[in-house]
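This report describes selected features of one protein model. Please consult the sequence and the structure alongside the text.

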Amino acid sequence: DRIVAILIQLQSKKIVKAQELADRFEVSLRTIYRDIRTLEASGVPIYSEAGVGYALMDGYRLPPVMFTREEVSSFIAAEKLMQKFTDPSLGNHYATAMYKLKSVLRNTDKDWLSNIESRVVMQTAEPLFNDRSPNTLALLFESIAEKKQILLTYKTLEAEEPSNRNIEPVGVFHDNNSWYFLGYCHLRKDYRQFRTDRIQGIQKTECDFTIEHDALETYLKKTETCPTTKVRILIEKKIARYLSTERKYHGYVSEKEIDGQIEMTFMSRDIESGFPRWFLMFGDYATILEPESLKTRTLELLEINRKRLL
């Protein structure tokens, strides 16, 4: 397996250093030299330069696959996203897949790719996974594919201690800068949503699923039918444009311009906590039109804050 992987890596770049191979496969340089000789003995045309590295004769290709430059460009974004937005296990698997993809590129395309990939950076604001459970996504994918229950150690925001639950994962989704998965919880006897950064432990069990679950979209649409309250706010035009990203998470429906200001309409699921706290972020530029209960709750939060500042 290592020798085949070395061949793929040799095809992925113009020059590959022996030390680079040794570091990747965690073996000695002597082992790499022996593996290279094995490849040469099998007929692979490898040439080397002392102090430079190994390369394949130009034109030598195993897989009969070619990519356009536009497709090569997509690899850059995909690789950077995988590095930042998945767990280490999936990230490593994708890195191996990228070596295979790069191995079939023309030398000119390899240079073109190298010139761009070092200038593309993806950044995340918050950790997506708990340090105690770094390979969460990989285990969830395995569980869903094999229809095996997982044992989950999960800590909610309200709980002081984590709880252990047997879960049948239905699907995984990314929303509002966080990874979530939805599954049937045997502890609660119902479907529940879990955020990956609150998972403190996860392991696959040998217990089969007990339920034939519908597609993930079916359950996500059900959450959209939760009771909502109509909210209307009037906000200064210069501020309204900064809310376009977050407003969808608070039930945004529509907007219209009135006398140089923007009236926004929401169908909010949480006017007790979520919406009023969000509103206070820009409340000095806005007015609550309805409902009265939202005005009252916002004033209560302001009073609590005022007392804490005294």
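## Basis of the description

The model is predicted, with local features requiring pLDDT of at least 70 and side-chain atom pairs counting only at pLDDT 80 or more, while totals for chains, interfaces and linings use all residues. Residues are numbered from 1 along each chain as its sequence is written, and side-chain values use heavy atoms, with hydrogens and water left out.

## Helix α1 and its cover

Helix α1 spans residues 2–12 and is largely enclosed by the rest of the structure, because 8 of its 11 residues are buried (buried means under 20% relative accessible area, exposed over 50% and partly exposed in between, with a 1.4 Å probe and protein chains only). Helices (H or I, at least four residues) and strands (E, at least two) are DSSP runs, numbered from the N terminus. The buried residues of α1 are Ala5, Ile6, Leu7, Ile8, Gln9, Leu10, Gln11 and Ser12. Their cover includes α2 (18–25), α3 (29–41), β1, β2 (53–56), α5 (88–102) and α6 (107–117), where contact means heavy atoms within 4.5 Å.

Strands β1 and β2 run antiparallel and are joined by 4 bridges; two strands pair if DSSP finds at least two bridges between them. Glu49 has Gly53 of β2 as its bridge partner. The hairpin has 3 residues between the strands, and Gly51 takes a positive phi near 80°. In β2, Gly53 and Ala55 point one way while Tyr54 and Leu56 point the other way, and all are buried.

Tyr47 belongs to strand β1 (residues 46–49) and is partly exposed, at a relative accessible area of 35%. Together with Ile15, Val52 and Met57, Tyr47 makes a nonpolar surface patch of about 310 Å². Patches are made of residues with over 30% relative accessible area and no salt bridge, like charges being joined within 9 Å and nonpolar side chains (Val, Leu, Ile, Met, Phe, Trp, Tyr) within 5 Å. Accessible areas come from the Shrake-Rupley method with a 1.4 Å probe; for residues, only the protein chains shown count as cover.

## The four-stranded sheet

An open sheet of 4 strands has the order β9-β10-β8-β11, with antiparallel pairing. Its edge strands, β9 (252–258) and β11 (286–290), each pair on one side only. The twist from one strand to the next averages 25°. Helix α11 (residues 292–309) packs on the sheet and touches β8 (229–236) and β11, its direction making about 140° with that of β11. Axes are lines fitted to C-alpha atoms, for helices over the stretch in contact, and angles run from 0 to 180 degrees between N-to-C directions.

Strands β9 and β10 (residues 261–268) pair over 6 bridges in the antiparallel sense. Tyr252 has Phe266 of β10 as its bridge partner.

## Salt bridges

The whole structure contains 17 salt bridges, each defined as a side-chain nitrogen of Lys or Arg within 4 Å of a carboxyl oxygen of Asp or Glu. One of them joins Lys102 and Glu79 (3.6 Å, N to O). Lys102 lies in α5 and Glu79 in helix α4 (residues 69–85), so this pair ties together parts that are 23 residues apart in sequence. Both Lys102 and Glu79 are buried.

Glu142 and Lys204 also meet in a salt bridge (3.1 Å, N to O). Glu142 is in helix α7 (residues 136–146) and Lys204 in strand β7 (residues 199–208), so the pair ties together parts 62 residues apart in sequence. Glu142 is partly exposed at 35% relative accessibility, and Lys204 is partly exposed at 27%. A network of salt bridges links Glu142, Glu146 and Lys204.
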